[in-house]
Amino acid sequence: MAAVKQEAHGVLPVASLDEAARQAYINELGKHVLNYITPGNKAVYDNHVLPSFQRRHGRAPLDRHEIRKEMVRQPFYQMTSSFQRTIQEMMWNAVDESIQRQLPSLIDTAQKFANGKTKGSLTLDPNFEVPPYIINNHNHATPGGYGADLMPGDITAGALYDRGGYIYTQGLFGPRMDGIGKAAAMMVAQSRPDLKPKKILEIGCTAGGSTGGLSMMFPDAELHAIDVGAAVLRYAHARAESLHLPIHFHQMSGENMTFANSSFDLVCCLATLHETSRSATYNIFKEAQRVLKPGGLFLCSELPPYKGFDPWGQFVRDWDTYNNNEPFWGAVHDLELKDVALEAGFEADKYFEGFGPGVAQANALNAAVEVDNKKFMGSTRGGGQAWYAGASK
Ligand SMILES: C[S@@+](CC[C@H](N)C(=O)[O-])C[C@H]1O[C@@H](n2cnc3c(N)ncnc32)[C@H](O)[C@@H]1O
């Protein structure tokens, strides 16, 4: 794969030659396992598990849960799951080692951006309590998770997401990790060509990659972004300032925002619902509805719901729920987001869902970027198209 080189910015941890070699090795190992070893599970299922299940039950498995109960007993599945999980942990460890080596200077740089003449702003809440579903659960096995804030001025969680996320997604989100935000902006133009948002909010911004994409696509809008983690926000703010992107970051939960009613023309929640709890999803929809102006749009991007896939396809996609610290992954993919939107006060005829522009299309905006989507982390993920749920107020 012609790897896309991550674009440098003020707080991106720079890998030494040895660190870069280790990160590249882990990247290649992950691709190899996902593309050439893990797919062997289908033959195990077709040739052994399915016939045996049919002999015992007189029918095929009805859903992913029945398939899972059988597959977790298969040595080949145990082996590939162990490979995948171990590679994931190796990847975070490699990135973390590189961050720790340069942490004091990264913290120092972030503080200089925060204290200097800024285009955006950073508002942290010292009394904020990170919700238990984040603090107790280190999503995608990231050490410490999104809520870790280990020392004064810490930016580790943000740096881990930015650099680790880039390796994990094999450059798919683009050199600035902003493809998700750019793709969402393309979806806004496609679904609501009349909407020219002047004030935008992103809920769940992490290191500010997707927010940066929104900033690039809506350069004249006033852009706000929230997250629950102080360390991701410090990093996101410094990163945005170093890239000259005017973004206002706030430590706040999307479940309970301090913004006034009818404040925003566009509220986005991008690749975030699968990493928040089920009850938080309901609360975020309610809050989004509240802070949207009449005529505004709430747009979520997510992995597509399971309802479009057969039981095997669902089982394959559900690996992260059980093996990658993603306890809400399966639940949100089963959820009818239309029901959630209606409960939040949106009207049925103003709700839409379906596929739209993905990061591959967003990256095509940058002609210099080459991404090999077919080889991206096996068959369960891909950048061709993203799935969206949207509701206008
Ligand atoms: C997968 S990341 C989002 C990635 C980001 N949108 C991007 O594309 O670059 C999910 C983020 O949602 C945040 N999050 C989860 N629950 C939240 C809540 N209730 N309020 C605000 N942020 C939340 C997490 O802390 C995490 O940073």
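A polar contact is a pair of N or O atoms within 3.5 Å; within protein, one must be able to donate a hydrogen and the other to accept it, and residues adjacent in sequence count only if both atoms are side-chain atoms. The model is predicted: local features need pLDDT of at least 70, side-chain atom pairs count only at pLDDT 80 or more, and totals for chains, interfaces and linings use all residues. Residues are numbered from 1 along each chain as its sequence is written, and side-chain values use heavy atoms, with hydrogens and water left out.

**Exercise 1.** Find polar side-chain atoms facing the ligand's nitrogen and oxygen atoms.

*Solution.*
- Start with Thr-276: an N or O atom of its side chain is 3.0 Å from a ligand nitrogen.
- Go to Glu-202: a polar side-chain atom lies 3.0 Å from a nitrogen atom of the ligand.
- End at Asp-227: here a side-chain N or O atom is 2.6 Å from a ligand oxygen.

**Exercise 2.** Describe the shell around the ligand by class.

*Solution.*
- Sort the residues: eleven are nonpolar (Ala, Val, Leu, Ile, Met, Phe, Trp, Tyr, Cys, Pro), three charged (Asp, Glu, Lys, Arg) and seven polar (the others, Gly among them).

**Exercise 3.** State how helix H4 (residues 75-115) lies against helix H9 (residues 230-242).

*Solution.*
- Helices are DSSP runs (H or I, at least four residues), numbered from the N terminus.
- Axes are lines fitted to C-alpha atoms over the stretch in contact, with angles from 0 to 180 degrees between N-to-C directions.
- The two axes come within 9 Å and cross at roughly 70°.
- H4 is therefore roughly perpendicular (65 to 115 degrees) to H9.

Terms used:
Helix = DSSP H or I, 4+ residues; strand = E, 2+ residues; numbered from the N terminus. Parallel < 35°, antiparallel > 145°, perpendicular 65-115°, else oblique.
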